[in-house]
Amino acid sequence: MNNQEQSRKKSGCMKWIIIFIVAYIVCSILSGLWLGKMFSSGATLEKNTVYVLRMKGTLVEQGQENNPFASLMGDMPGYNKSEVVGLDDLLHNIRLAKEDDKIKGILLQDGGMLMGFASAKALRDALSDFKESGKFLVAYASHYSATNYYVACVADSVFVNPTGTVDWNGLSAEKMYFKRLLDKLGVEMQVLKVGTFKSAVEPYILTGMSDADRRQTKQYVDGLWNELVQGVSESRHISAENLNSYADQYMGLQPAETYVENGLADRLAYTEDIDSLLIRLTGTDDYNKISTSALATITADTKSSDNKIAVLYAEGEITDSEGSGIVGTKMVKEIRKIRKNDDVKAVVLRVNSPGGSADASEQIWHAVQTLREKGIPVVVSMGDYAASGGYYISCGADYIYAEPGTLTGSIGIFGMVPNVNKVRDKIGLDIDGLKTNRHSDLQTNALLKGMDTEERAMMQQMVERGYDLFTRRCAEGRHTTQDEIKTIGEGRVWLGKDAIGIGLVDTLGGMNEAVAKAAELAGIDDYELKYYPARKDIYTQLMEAFDNTTDEEKLIMKMKELCSQPRVMTLMHFPVIR
């Protein structure tokens, strides 16, 4: 046996040993967890408690069950320890902190949470409402991103580490363009689309922004920046002119003292200073702290009711039958559960999606209509995105709310298939075969040889039929004409605050307003919220955590899926906004 074989054998044995140890630990934890659930009902609140809201991780719409072995698994090979935080948990916690006398105040700690602009607005509004209680709200971080600072600046006092940064630098939007690279590789992207502003395909066929894309991007980037400036100006009492002047100086590279001098922060402080401050604010050096995950397990005092308002979360890319976002088949099943529940009197559909499969979008749209046919009103609450396919599934609702910074619209459709004929020729790969009919080999041909004129025309017609159906659905839902929808369609992206004037959205508001409207439309005064889909349990989280599939492998699988069967997509593609 040579050294290589011995090494491979040892590696295989070690792998099985690790698997056995992990399995043993997991089984032990799950057994303990099962017993713990029998004798425990979650966290309890003590007197003189401070809610420590850590602004880190990735903010999603719906939180998950607290994973008790996340810290234990730590750096174990193959374990994905990325932290996600539910906006629903944060809003619940802030409301509970306002109402429960045991909680004396909130400490916003850290400032690098990944979140969209609409989510930031919802969080900021909740904290503003919390301040009406008269309890303290302080913020402390070593680093604030622009959106995190927009949230944190509503605090009574903002503290920065003496070596910290506030990235108040303005916003920029960039896309990466691949056309010259694809040309060098010999790959031609065959694009079929409807919509002048449908820019998702541009990186593959252009070397820079089209005039239409530049126009729409400037509109929503300027609009988002103005929202941030206005919010900070109101909270910190700094003029918009000065805030833009500070951004021109690139605050992220300025010394920390500058933030205090220009009013962005109240004081520079170390962790010990914040501890001393909390002792003073709570009136005791024996105060308690509670985390987001722990506080989320405590149920606020709410009366039960036979009347239920279903809150249905639709977050992520829309896919047909698989994926981690909005899976069409699963979403339809959830809607069917809601429809069969006679206690459900209204539905709030929370949409945070940039789009996806046109087929799945149509299926979800139809399922939503079955709710309305049963007499169940549907109110949409838009999150960071409700664009393209995300707007498709929203347009049939009875009423639509959006945040000012929601990106919506993008009523357009496209299909895209790479032609690798030149690459095939370079590497000496030949194709031969048989077919029974004229276009039997279209799917393979489109990828390996390229579509001919007739095939491209047929594909374009399919895309145009999809656009016609999309605009028809929008016209029906928004009680207007298809021609009117087409004038504001063409794949154009709109901010939520601008979408009101053109009829895509009814008014500005968040989840609270959407729930209240749903109750009004259902004609009920007392109700209880019921959430769909159910939160991921710990077992599901564990299986996903040990998913060793790399991003590269997932990308390859996605490309194989797209290339094996050309699909019409409505996937929204935004520039990176910083």
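**Before you start.** Residues are numbered from 1 along each chain as its sequence is written, and side-chain values use heavy atoms, with hydrogens and water left out. In this predicted model, local features need pLDDT of at least 70 and side-chain atom pairs count only at pLDDT 80 or more, while totals for chains, interfaces and linings use all residues.

**Stop 1: the sheet.** Colour the strands (DSSP runs of E, at least two residues; helices are runs of H or I, at least four, and both are numbered from the N terminus). You will find an open sheet of six strands in the order β9-β6-β5-β4-β1-β10, with parallel pairing; two strands pair if DSSP finds at least two bridges between them. β9 (267-268) and β10 stand at the edges with a single partner strand each, so one side of each has no neighbour in the sheet. Now zoom in on β1 and β10, which are joined by three bridges. Select T49 and look for its bridge partner in β10, N288.

**Stop 2: helix α11.** Select residues 271-282, the twelve residues of α11. Which residues of α11 are buried? They are I274, L277, L278 and T282, where buried means under 20% relative accessible area, exposed over 50% and partly exposed in between (1.4 Å probe, protein chains only). Among the elements covering the buried residues are β1 (49-54), β4 (103-109) and β5 (136-144). Just after the helix, G283 takes a positive phi of about 80 degrees.

**Stop 3: Y51 and the core.** Select Y51, one of the residues with the most contacts inside the largest nonpolar core, which has 62 residues. Such a core is a set of buried Ala, Val, Leu, Ile, Met, Phe, Trp, Tyr and Cys residues joined through side-chain atoms within 4.5 Å. Apart from this core lies another, of 53 residues, including I318 and V351.

**Stop 4: F178.** Finish in the loop between β7 (173-174) and α6 (179-185), where F178 is found. Is F178 buried or partly exposed? F178 is partly exposed, with a relative accessible area of 29%. Show P203 and Y204 too: F178 touches both (heavy atoms within 4.5 Å), not counting residues up to four places away in sequence.

Notes
The expected span of a helix is 1.5 Å times one less than its number of residues.
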